[in-house]
Structures are given as C-alpha cells and as structure tokens.
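Please walk me through this structure in plain terms, from a single residue up to the chain as a whole.

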Amino acid sequence: MEQQHVAPLSVGVSALDRAVERASGWLLERYGEEVEWAIEDQFLIGLDDQERIDLEEQLQARSSRDQSTFFANAMSCILAQGRFEPDAEEGDCRSFSFAEKLLGQGGLLLEVTERQWLEALVGSTLQLYRIGPLDGELTPLDEVTSRERVRVEPHPAMDPLEEGDLVGARVVTLESEQAGRLCGVFGFPTGDAERDLIDLVETAAAHSRGNRGEILGIAEVVATAWLRSFLPDASTRGPQALPDGGGGTSNTRRILEWPVPDVSGSSPQSPPLDS
C-alpha cells in the first residue's frame, strides 16, 4: 500500500482523537488493504466511479490539512461501524469487524482511557446537528432526532464553522464526562444547499426506520454530501439526490490512492492520556 504523508493532529486534540489516531495507525499496519477496501466500499458508498476518480484527483491537489480531515473522517466511520466483507474470489477470507480486531484478543495494547473512548465510539451513529449559540452546543435537528441539545467539547475541525451552520458528527460520551467529544466532523457552512441536505437526511431517517438496508442511512448521506463538496462542480451539484446504497456503478473493487498517514513510527504503547 503506497502511503502519503499528511499533517499530524494539532496540539490540544482530545483523548478520543489521540486514541483514534493510534487505532488508525495500528489498523493500517496490520490490515492496510482491508482498510482501503472498507473506505471504498463503505465510506465512499454514495459516490459513483467517476466521482471517486474526481475526488482522488482533488484530494491530491489539496492541502495536507484537507487530506488529514478526509482520512480522519473516513477512519471515524471505519472504527465505529466498519467491516471487511471479502469478495467471493478472495477464497477463505472471512468478514470481520475492524473494532473486533482492534479491541479483541491480539489487538492493540491500549491505556485504560484509550480503551474507554474507543469502546464508546464503536456502534455510535453519525448524526446531523446545527451549531447552537453557546460554545460547545449542538442542536439536533428535529427532523432527524428527538434528543435534547447536546453539549460537546470544542473541536478544532469546527473552527471554520459558525452558529447556525450544520455539522455531521459522532458524539461520543463517557459516564464520567459532562460533555461529549466529537469523532469525525463533517462541516456544512450555511448556504443554498442546506434545505436539500436536511431533506435528504430526513428521508434517510424515515426509510431506515421501516426499511433498514434498502437505502443509505443518515451517516452515508451526510458523508456523501460532504465528500461531494470536494468535487470541482460542487457549487452547482449540491447534495444531489439520495444515493441508493449500491456503492457506485462498479462491480469490482478498485483501490485508489487515498491519502493515508505514514504510520512507520507507530509504537505499541503510549503514555497515559488524560480523560
């Protein structure tokens, strides 16, 4: 697997971010090809083949920060819900959950706090929120969820966003914490496509409640809309129509050169982390 250098996480990131960074490096070292397949099959499921090619080209021309954000968001999805599903021609390969490999027997040696955050991340759902008037406040959209307002720790990826903007994220919490922490931040500055995105998420939520598996869920719809913002004609395409969950038009896996971090310096242990 050809690896490209991307910018390291900025100073002051949360314990959850650091745990995800370590987990991502460990998975890439041991299951690099499977991770790339999962990015293609699951994170990019709403894009067709041409959009994937265009996205690859656009990312290669973007800053290392944009490349890091792409990879961080991809891995947040892989760690939370990703699975490797082998094709028939891959013989005796068995499907597996990346979280099981990471947290199970023979997995990454983790500090207590790291394990707690990663265990809380597994199974968490990506939702669409509106940024509230108070620092660290997210307001779940009524069309998507009935939960109360969510308090979260500030995250560097939200710095370009303002009150009223939309953001897709997984809010991860521990019982000992008063505020949640974000994993994967998909920012949508307020604009003309806002209503379209909300409509798509509302439609996905309604379908997933009664027809699970027949249409992309909220996570895939939000991720697809965000990924399309990288494409050259994003200003005219908007979130587009709701993808059908078919994973694009290709029937065979094709690994593109998605930016991934250099993990050659990863170590099996790290100093204890503050929670």
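**Starting from S76**

Apart from its neighbours within four places in sequence, S76 is in contact with R170, C183 and G184, where contact means heavy atoms within 4.5 Å. This is a predicted model, in which local features need pLDDT of at least 70 and side-chain atom pairs count only at pLDDT 80 or more, while totals for chains, interfaces and linings use all residues. Residues are numbered from 1 along each chain as its sequence is written, and side-chain values use heavy atoms, with hydrogens and water left out.

S76 is found in helix 3. Helices (H or I, at least four residues) and strands (E, at least two) are DSSP runs, numbered from the N terminus. S76 counts as buried because its relative accessibility is 0%. Buried means under 20% relative accessible area, exposed means over 50%, and partly exposed lies in between, with a 1.4 Å probe and protein chains only.

Helix 3 (residues 64-81) also meets helix 1: their axes come within 9 Å and cross at roughly 90°. Axes are lines fitted to C-alpha atoms, for helices over the stretch in contact, and angles run from 0 to 180 degrees between N-to-C directions. Helix 1 is therefore roughly perpendicular to helix 3. Angles of 65 to 115 degrees count as roughly perpendicular, under 35 as roughly parallel, over 145 as roughly antiparallel and the rest as oblique. On the helix 1 side the residues making the contact include V20, L27, I39 and F43, and on the helix 3 side they include F70, N73, C77 and Q81. By class, the contact of helix 1 with helix 3 has 15 nonpolar, four polar and no charged residues. Here Ala, Val, Leu, Ile, Met, Phe, Trp, Tyr, Cys and Pro count as nonpolar, Asp, Glu, Lys and Arg as charged, and the others, Gly among them, as polar.

Helix 1 has another crossing, with helix 5 (residues 112-121), where the axes come within 9 Å at roughly 85°. Helix 1 is thus roughly perpendicular to helix 5. Among the residues in this contact are A15, L16 and R22 of helix 1 and E114, W117 and L118 of helix 5. The contact of helix 1 with helix 5 divides into eight nonpolar, one polar and two charged residues.

The largest nonpolar core has 60 residues, and F43, L55, F70, F98, L118, F186 and F188 touch the most other members. A nonpolar core is a set of buried Ala, Val, Leu, Ile, Met, Phe, Trp, Tyr and Cys residues joined through side-chain atoms within 4.5 Å. Helix 1 (residues 15-43) supplies the largest share of this core, 14 residues. Beyond its neighbours within four places in sequence, F186 is in contact with residues including F43, N73, C77, V222 and W226. A second, separate core of 12 residues includes L138, V150, A169 and V171.

V222 and W226 are among the buried residues of helix 7. Helix 7 (residues 218-228) is mostly covered, with 10 of its 11 residues buried.

G164 lies in the loop between strand 5 (150-151) and strand 6 (166-172). G164 and P189 are 25 residues apart in sequence, and their C-alpha atoms are 8.3 Å apart in space.

Finally, the whole chain. The secondary structure comes to eight helices and seven strands. Buried residues make up 49% of the 275 residues. Among contacts between residues at least 6 apart in sequence, 72% join residues at least 24 apart.
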